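Please look through the sequence and the structure shown here, and then follow the paragraphs below, which take up a covalent link, a pair of strands and a pair of helices in turn.

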Amino acid sequence: MATSPPTSPPPPLASDELLLPLTLTCVCRRRRGRREGEKMVGMLPETNAQAAAEEVLGDAWDYRGRPAARSRTGRWGAAAMILVAELNERLTTLGIAVNLVTYLTATMHAGNAEAANVVTNFMGTSFMLCLLGGFVADSFLGRYLTIAIFTAVQASGVTILTISTAAPGLRPAACAAGSAACERATGAQMGVLYLALYLTALGTGGLKSSVSGFGSDQFDESDSGEKSQMMRFFNWFFFFISLGSLLAVTVLVYVQDNLGRPWGYGACAAAIAAGLVVFLAGTRRYRFKKLVGSPLTQIAAVVVAAWRKRRLELPSDPAMLYDIDVGKLAAAEVELAASSKKSKLKQRLPHTKQFRFLDHAAINDAPDGEQSKWTLATLTDVEEVKTVARMLPIWATTIMFWTVYAQMTTFSVSQATTMDRHIGASFQIPAGSLTVFFVGSILLTVPIYDRLVVPVARRATGNPHGLTPLQRIGVGLVLSIVAMVCAALTEVRRLRVARDARVGGGEAVPMTVFWLIPQFLFVGAGEAFTYIGQLDFFLRECPKGMKTMSTGLFLSTLSLGFFVSSALVAAVHKLTGDRHPWLADDLNKGQLHKFYWLLAGVCLANLLVYLVAARWYKYKAGRAAAAGDGGVEMADAEPCLH
């Protein structure tokens, strides 16, 4: 390895005598450098290979499409940009949703039931569109472009919402003083509002579907140091979500109620735009992964192939079903081991007796010809779909928790608007800010669970993690029932106080708003158990080849919970009519407590079904491992109580 000459040129020389010693010195240095280089020639290939293996990742690329250098890409420098984007998304979405019901009733002059359904449909659509966003990211755009494009869509939706609240022609006239009848918003005015809300929902769905996955892409799981950093990333991810929630229910709600909606929603638009700028600023540091395809496509392909071959007889020996070639798999594994790359291949799964209909997809009725995935699936693909099917009863029975959750941003906020919200003589708590107790309960429950519940449960059950995921979900479902009982009892008391005080229309009930705190606390604590339990369950139980399905299953329960709330509200409002309405526009003339009792009863019935489903379910870790050739029949294990 030759030594390079001095980088700066020598000063001008006055004579040849001065130039000669310098020339001889340079020649000697070059000869010595060549001798040292000759000694190191044999070491260069090995050294370069080691450096490449240490510094370049085999499964990630930089923004120019080159293999990502470990030292220059990913890790916390990139993850911090992604966390800021998620913080601003949460701040924006919750800043709109948590106080939207008061805007709809006070400014757009909608009824309580209609306003509640607008909010729940908006939130439900946001979470349901996460499935679309995940499909687009996995199959077409990748996570980076999906986040960037859908964040811009969300920013445009919030901007239109800000304009609709500022332009006088896009909202009805204010109610006349002393008049009970108010001019309702026109179809065009509501149309602009819906355009803004559902553009925001579309952007939220696309962003939320990919942001956590893209964050985890910045850490290399094959490196022990980066793997531990990735676990810390998820902790910080939850922290930033909670921080955004706190800022939304305190600062933004206060701005909306005291400075005006244009300022409040304008701040939301500025926040999401700033989040987009910060996210794009990290482009040079991000690590990018190849598209893996959507697991929804695999599920659809297996179902279609099974339906097409439904009339064929299943073989008596499951080993005759089409599956991954063990020989090719072993050869590929040896090649990967030699190259020190992480295996991305699927491992063969053993055959199970449940959902035998899907086995038809693995019948190879044309072994000599090539078949597409829509006509022939491997047994491993079929077993992965079966694994998802086994989780569906648990998935379905967690939906009702999020129906209860939806009430915290709708009728609970409406209750708060009718009560005494003063602290001292001058300060009045915004009705939407009552959800700060909900968020605070979540943040308190997590450390209480880790420090108190886990040690007690560990000694009682022998489980090192304290409670299993299904047990945590069960605790959350119980707390949701308790929350609805508290809400019903509080509403009974509120109506009694309003009746005794002869409160007129529009007047506040002489009862402090802090009576609502228990229902917020119980739902918040329930979310801490249910949210983390669901994530743990779906991440742990989803097949290795369908990990992106875990987020989709979880977010779809939130979405359907909001839609179930909308359906219940619409049905109750229609059945109870205008003569004895449960959900009256004036809550003092309604019977909201009966709606809460209804929810408590439905949640209790749902809990019983959940307990049956949880007893029936067998954890993946408790099933028998695949035997040598992967074609051994796996007997069903005894059910255990989780």
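The count of disulfides, each being a pair of cysteine sulfur atoms within 2.5 Å, comes to one. This disulfide joins Cys 175 to Cys 182, with an S to S distance of 1.9 Å, and the link of Cys 175 and Cys 182 is right-handed, with 125° about the S-S bond. The model is a predicted one, in which local features need pLDDT of at least 70 and side-chain atom pairs count only at pLDDT 80 or more, while totals for chains, interfaces and linings use all residues. Residues are numbered from 1 along each chain as its sequence is written, and side-chain values use heavy atoms, with hydrogens and water left out.

Strand 1 (residues 56-61) pairs with strand 2 (residues 67-69) in the antiparallel sense over two bridges, where pairing requires that DSSP finds at least two bridges between the strands, and strands are DSSP runs of E with at least two residues, numbered from the N terminus, as helices are runs of H or I with at least four. Trp 61 stands opposite Pro 67 in strand 2. Five residues lie between the two strands of this hairpin, and Gly 65 in the turn has a positive phi of about 85°.

Helix 3 (residues 75-97) packs against helix 9 (residues 261-281) at an angle of about 160°, with the axes 8 Å apart; the axes are lines fitted to C-alpha atoms over the stretch in contact, and angles run from 0 to 180 degrees between N-to-C directions. Helix 3 and helix 9 are therefore roughly antiparallel to each other, a term for angles over 145 degrees.

Technical notes: Angles under 35 degrees count as roughly parallel, over 145 as roughly antiparallel, 65 to 115 as roughly perpendicular and the rest as oblique.
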